[in-house]
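This report covers interfaces, a cavity, backbone angles and a few individual residues. Please look over the sequence and structure first.

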There are 2 protein chains.
Amino acid sequence: MRGAHVDAADIAARSRGIAPSLHEYLPPTPLLPFRGFGADLGIDVLAKCEHLQLTGSFKARGALAKILTLTDAERAAGVVTASSGNHGLGVANALNLLGGRAIVYLPENAAASKVAALRRLGAELRAEGADTGAQELKARAYAEEHGLTYVSPYNDADVIAGQGTIAVELLRQLDGEPLDAVVVAVGGGGLISGIAAVLEQQRPEIKVYGASPAADAAMAESVRAGQIIQVDAAPTLSDGTAGSVEPGAITFDLCRELVDEWILVDEAEIRSALKTVIDTEHHLIEGAAAMAFAAARRVTGGRVAVVSCGANISSATLAEVLA
Amino acid sequence: MRGAHVDAADIAARSRGIAPSLHEYLPPTPLLPFRGFGADLGIDVLAKCEHLQLTGSFKARGALAKILTLTDAERAAGVVTASSGNHGLGVANALNLLGGRAIVYLPENAAASKVAALRRLGAELRAEGADTGAQELKARAYAEEHGLTYVSPYNDADVIAGQGTIAVELLRQLDGEPLDAVVVAVGGGGLISGIAAVLEQQRPEIKVYGASPAADAAMAESVRAGQIIQVDAAPTLSDGTAGSVEPGAITFDLCRELVDEWILVDEAEIRSALKTVIDTEHHLIEGAAAMAFAAARRVTGGRVAVVSCGANISSATLAEVLA
């Protein structure tokens, strides 16, 4: 299935437009040189530290950008999503900041720490089966039935524009200094679509790499196939990017048009990158961010910004990775 | 042995005086609510995130504060210290920023990642035995012989004043909001002396807790004994605070005068706090910082700032803690 078409220039304009409002609620994340990580690679690595973002991931941006477009009445009536992960936290956080009801569908077996984090942000939780697809259907049906707003994690122009504010911020932080490439983790493609749209408008010479785990690379394989396809997926440490691409997703055409090159990394590379970031930079990052750092190791030469997309990893998973 | 006397008001004045210069080189660290960590404790926990400080620890402040007092000629001639840990990185970083030679004595068995980090900052390294005391003697002798400046990790009024800038920054970030207590990790006592001196002058109602591992609590036991004493020490996860207090250390009187209460925590409490910070806040902290968080769990009620002093933990140590 082809994706519906959304104009990259329109996304970029929305990103630039929403950035000042977003920054009233979400302070800019640091852009830090990760000299230790890049030292043996012959590249200068800059980390755009979304792992230090409120809620522990960039998803806070997209959710807030979308929910800022709603009226007070719409927020008060309720905003629905399906996610036990970073997007759910992003939606709950946005309504915690702006006022309103967050209704989050999540699997019955969701981790206690994630449930607690959502509750602290005041979200109403609906436990529903164990399959993400089922929760999404339920959530959409509930929203439609009650006339509430459903917020997709990536298939929404405002959500994508929210993620694009990372690039707006990055360019301001670079302050005209050269940059050769940006490496971005790709799941549904919302993050890279927003970032690449802004860069194409303002700094088209910066190469955009899309990074995915070889075990679960739905968007990369869809782009190769020329249409959105279902792919076989195996479990990956990069759980934040896992899952299929929704039929008709607007991110498909954006990725096809804007991503310069794809890098697929294996699980050993992800583990190694996570360990190295801990040992040389002493920052905690989640699997999807480690996956982007692993991909950066395949980039030859130059000054490379890695979007360090999140920090939401459990001590149990971390123990397994480091064992 | 009693410590030499330095006036707390003098330290506080130096901290306030040096803070603007320090901030030209070291951006303020965030003061973040750690709601998840405090949720089950009935306290509001604020983390002063020195684990996000340049070099990965607060030691960057004290070293820079001291080295800013030197002349260009003194910096060019060379600044000597003995430390394979955070203080060594702080000294190397200061001379990397300001220009000059950093000469760092460290043990022959220092971890490769620490050696690499010191080298990246341009430090000249001198490997010397395996015993910290021996390196310190060698370093002092070398400095004296060649007319160079030796920088103590804590027994120096300018170093202490540099650490005190944490409190200057904290009070600005609080912006007049109430705070009941501050919890600070204590090794040689430089960090808590600086912070407590500033607080006593400006917000004397804020209670200052000194935290140490029960396994190695030289300052707490010296204060109890009324003089600096040598104590039996066992290995601790809080390696950043380990070690005896130097005879004549000026921090002794400051701690005696300024620390309101001492909390000694055991190793299981440190491990548990480190795990909880990872699971609920997704920040990477080192043992000494986890030790301070563990102590905060013993504080009853109120709004408590924990000085999260550093992030320099290896993936190997982390794996052991989480296993």
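## Helix α10 of chain B

Two parts are in contact when heavy atoms of one come within 4.5 Å of the other. The model discussed here is predicted. Helix α10 of chain B spans residues 218-225. Its buried residues are Ala218(B), Met219(B), Ala220(B), Ser222(B) and Val223(B). What do the buried residues of α10(B) pack against? Their partners are α11 (251-258) and β9 (261-265) of chain B.

## Between α11 and β9

The loop between α11 and β9 of chain B holds Val259(B). Is Val259(B) buried or exposed? Val259(B) has a relative accessible area of 10%, so it is buried, the cut-off being under 20%.

Neighbours up to four places away in sequence are set aside here. Val259(B) then touches Ile192(B), Val208(B), Tyr209(B), Gly210(B) and Leu254(B). Ile228(B) is 31 residues from Val259(B) along the chain. The C-alpha atoms of Val259(B) and Ile228(B) are separated by 16 Å.

## The interface of chains A and B

The size of an interface is often given as the accessible area lost when the parts come together. How much area do chain A and chain B bury between them? The value is about 1800 Å². Carbon and sulfur atoms carry 65% of the area buried between chain A and chain B. In chain A, Arg120(A), His282(A) and Ser315(A) lose the most area to chain B. Together these three residues account for 32% of what that side buries.

Chain A brings 21 residues to the contact, and chain B brings 21 residues.

## The cavity

Rolling a probe the size of a water molecule over the atoms shows where empty space is left. A search of the whole structure finds 1 cavity of 30 Å³ or more. The largest cavity holds about 60 Å³ of space.

Which residues line the largest cavity? From chain A they are His51(A), Leu52(A), His282(A), His283(A) and Leu284(A). From chain B they are His51(B), Leu52(B), His282(B), His283(B) and Leu284(B). The lining has 4 nonpolar and 6 polar residues. No charged residues take part in the lining.

## Positive phi in chain B

Most residues other than glycine have a negative phi. His282(B) is not a glycine, yet its phi is positive, about 60°. His282(B) sits in the loop between α12 (267-281) and α13 (287-296) of chain B. Its relative accessibility is 15%, so His282(B) counts as buried. His282(B) is also one of the residues lining the largest cavity.

Asp175(B), also not a glycine, has a positive phi of about 55°. Its place is the loop between α8 (157-174) and β7 (181-185) of chain B. Is Asp175(B) buried or exposed? Asp175(B) is exposed, because its relative accessible area is 67% and the cut-off is over 50%.

## Domains of chain A

Chain A is divided into domain 1 (8-57 + 156-322) and domain 2 (60-150). Domain 1 of chain A gives 24 residues to the contact, and domain 2 of chain A gives 15 residues. The C-alpha centres of the two domains of chain A lie 23 Å apart.

Domain 1 of chain A and domain 2 of chain A bury about 1700 Å² between them. Of that area, 58% is on carbon and sulfur atoms. On the domain 1 side, Tyr25(A), Thr55(A) and Asp158(A) supply 31% of the area buried against domain 2 of chain A, more than any other three residues.

Glu50(B) is found in the loop between β2 (44-48) and α3 (59-68) of chain B. Its relative accessible area is 0%, so Glu50(B) is buried. Beyond its neighbours within four places in sequence, Glu50(B) is in contact with residues including Thr29(B), Arg61(B), Ile166(B) and Cys309(B).

Gln135(B) belongs to helix α7 (residues 132-146) of chain B. Gln135(B) counts as buried because its relative accessibility is 1%. Leaving out residues up to four places away in sequence, Gln135(B) touches Ala82(B), Tyr105(B) and Glu128(B), among others. Asp40(B) lies in the loop between α2 (35-38) and β2 of chain B. Asp40(B) is exposed, with a relative accessible area of 63%. The C-alpha atoms of Asp40(B) and Glu136(B) are separated by 43 Å.

How values were computed. Residues numbered from 1 in each chain as written. Chains lettered and ligands numbered in written order. Predicted model: local features only at pLDDT ≥ 70, side-chain atom pairs only at ≥ 80, totals over all residues. Heavy atoms only, no water. 1 Å grid on protein atoms, 1.4 Å probe; cavity = no way out; pocket = protein on both sides within 12 Å on 5 of 7 lines; lining within 4 Å. Points joined across faces, edges and corners; volume = space filled by probe spheres on them. Nonpolar A, V, L, I, M, F, W, Y, C, P; charged D, E, K, R; others polar. Buried < 20%, exposed > 50% of the residue type's maximum accessible area, 1.4 Å probe, protein only. Helix = DSSP H or I, 4+ residues; strand = E, 2+ residues; numbered from the N terminus. Domains from an automatic or database assignment. Buried area = accessible area lost by both parts, 1.4 Å probe.
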